[in-house]
Amino acid sequence: MEFFKEASSLIYHWLTEEERVQLLTELHDEDIRNIEELRPDMRFFRLFHFIQVKYIKVEEWVNSIFRNLESISSKSSNFFAEDLVFKDANDKNVSLLDLQERLTDIRPQSIFRNLLEQVELQEQFKLYLDHLKKRWHEW
Amino acid sequence: MVTKTQRLQFVNNFLSAMHMLRPLVASSRNERVFELFCYFRKVDELTKRGKTPLLQNIRNHRFVPHSKPGNPLSASYISFQEAKGETFDLFLNAKFQGRSGAEHSPDIVLRETRSEKILSIYECKNHSGTLGLNYYREFVGYLEEMRIPKRRHNLTFRNLYPELRPCIYTSAIASPSSNQMRNQYDFDVIEQL
């Protein structure tokens, strides 16, 4: 439990102020007043899931968009990856292709899996997610 | 067996690597990518159901959909043509007037081109943990405001056109207590995306 306590504290203090507010909002929706209310191991996994959704999954989403674009291009007019642009919260244009290239360099999913292996918690993290599905309100 | 100190060092190294990712997901980019992911997932689904996708409002060879609520026709979107000649439009972040007169912008809207009738809506919830019941209540409000009554997607209709079933896409886990609401109001929840 000592590891979970210290690791949770490291992750929580690493989050930006904005991310802490987002986390708190999500916790409130789950009827949890603050992260300290959770048992240290659950606190660690909850923070870990937050990081996974905020930082890791984007790689999978971007790759999935590109697969879908290929499928659309084969059925209709050519739709090239470099043609897709979105605006961020500051109204700055972001090219999805540039984003994919930068994500490919960093490989977040692989970093995430490595950490789970290194701290020997792959199974426990899966169990945590399964448990959330079944008995989420009891944590 | 790894020691506690080693494990904490691994966590520290992981956070340093995440630091490089921060600029890529900052300024709501992560949320925007999730919406695009859900949008193109629906595009792919409709295409696989035999509808031909056509890109609309391309600007300088670029597909730029709305990132915040706006007029449906003032940004890029995809329309679909059916074999019978009917067309449908799939909008991202477009604003529509609800039954009450208030304006709403469900994340993704499928609309019949000619009649401008909204056929279905899809919400994208980029959350971790479990998705609170408040989001399901909000979705039910959208269904009512967007005039998507249950009868329009009854069993026969849904079997013929499953892609029209309203849906919440989420990266979170759907709470078990949401099942009653999904059944009662007849919508899907696709979780852990």
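Analyst: The discussion below takes the labels in turn and sets each against its criterion.

This is a predicted model, in which local features need pLDDT of at least 70, side-chain atom pairs count only at pLDDT 80 or more, and totals for chains, interfaces and linings use all residues. Residues are numbered from 1 along each chain as its sequence is written, while chains are lettered from A and ligands numbered from 1 in the order in which they are written.

User: Why is L110(B) called partly exposed?

Analyst: A residue is buried if 20 or more other C-beta atoms lie within 10 Å of its own, exposed if 12 or fewer, and partly exposed in between, with C-beta atoms placed from the backbone. L110(B) has 19 other C-beta atoms within 10 Å and is therefore partly exposed. L110(B) is found in strand β6 (residues 108–112) of chain B.

User: Why is N68(A) called buried?

Analyst: N68(A) has 21 other C-beta atoms within 10 Å, so this residue is buried. N68(A) belongs to helix α3 of chain A. In chain B, buried residues make up 43% of the 193 residues.

User: What does N68(A) touch, and what makes a contact?

Analyst: Two residues are in contact if their C-beta atoms, placed from the backbone, lie within 7 Å. Not counting residues up to four places away in sequence, N68(A) touches F40(B), R41(B), V43(B) and D44(B). With the same exclusion of residues up to four places away, L110(B) touches F88(B), L90(B), L119(B), S120(B) and L164(B). In chain B, 53% of the contacts with a separation of 6 or more are between residues 24 or more positions apart.

User: How do you know that β2(B) is paired, and with which strands?

Analyst: Two strands pair if DSSP finds at least two bridges between them. Strand β1 (residues 52–56) of chain B and β2 (residues 77–81) of chain B pair in the antiparallel sense over five bridges, and Q56(B) has Y77(B) as its bridge partner in β2(B). β2(B) also pairs antiparallel with β3 (residues 87–92) of chain B over four bridges, where the partner of I78(B) is L90(B). In the hairpin of β2(B) and β3(B), with five residues between the strands, G85(B) takes a positive phi near 105°.

User: What pairs with β6(B)?

Analyst: β3(B) and β6(B) run antiparallel and are joined by five bridges, with V109(B) as the partner of F91(B). Four bridges join β6(B) to β7(B), again antiparallel, and Y122(B) is the partner of I108(B). In the hairpin of β6(B) and β7(B), E116(B) takes a positive phi near 60°.

User: How do you know that the length of α3(A) agrees with that of a helix?

Analyst: The expected span of a helix is 1.5 Å times one less than its number of residues. The 36 residues of α3(A) (residues 40–75) should therefore span 52 Å, and the end C-alpha atoms are 51 Å apart, which agrees.

User: What does the same test give for α3(B)?

Analyst: The 13 residues of α3(B) (residues 133–145) should span 18 Å, and the end C-alpha atoms are 19 Å apart, which agrees. Its buried residues are Y135(B), Y136(B), F139(B), Y142(B), L143(B) and E145(B). Just after α3(B), R147(B) takes a positive phi of about 55°.

User: What makes a set of residues a nonpolar core, and which members touch the most others?

Analyst: A nonpolar core is a set of buried Ala, Val, Leu, Ile, Met, Phe, Trp, Tyr and Cys residues joined through C-beta atoms within 7 Å. Of the 80 residues in the largest core, I51(A), V62(A), I65(A), F37(B), C38(B), L90(B) and I108(B) touch the most other members. α3(A) gives the most to this core, with 15 residues.

Conventions. Helix = DSSP H or I, 4+ residues; strand = E, 2+ residues; numbered from the N terminus.
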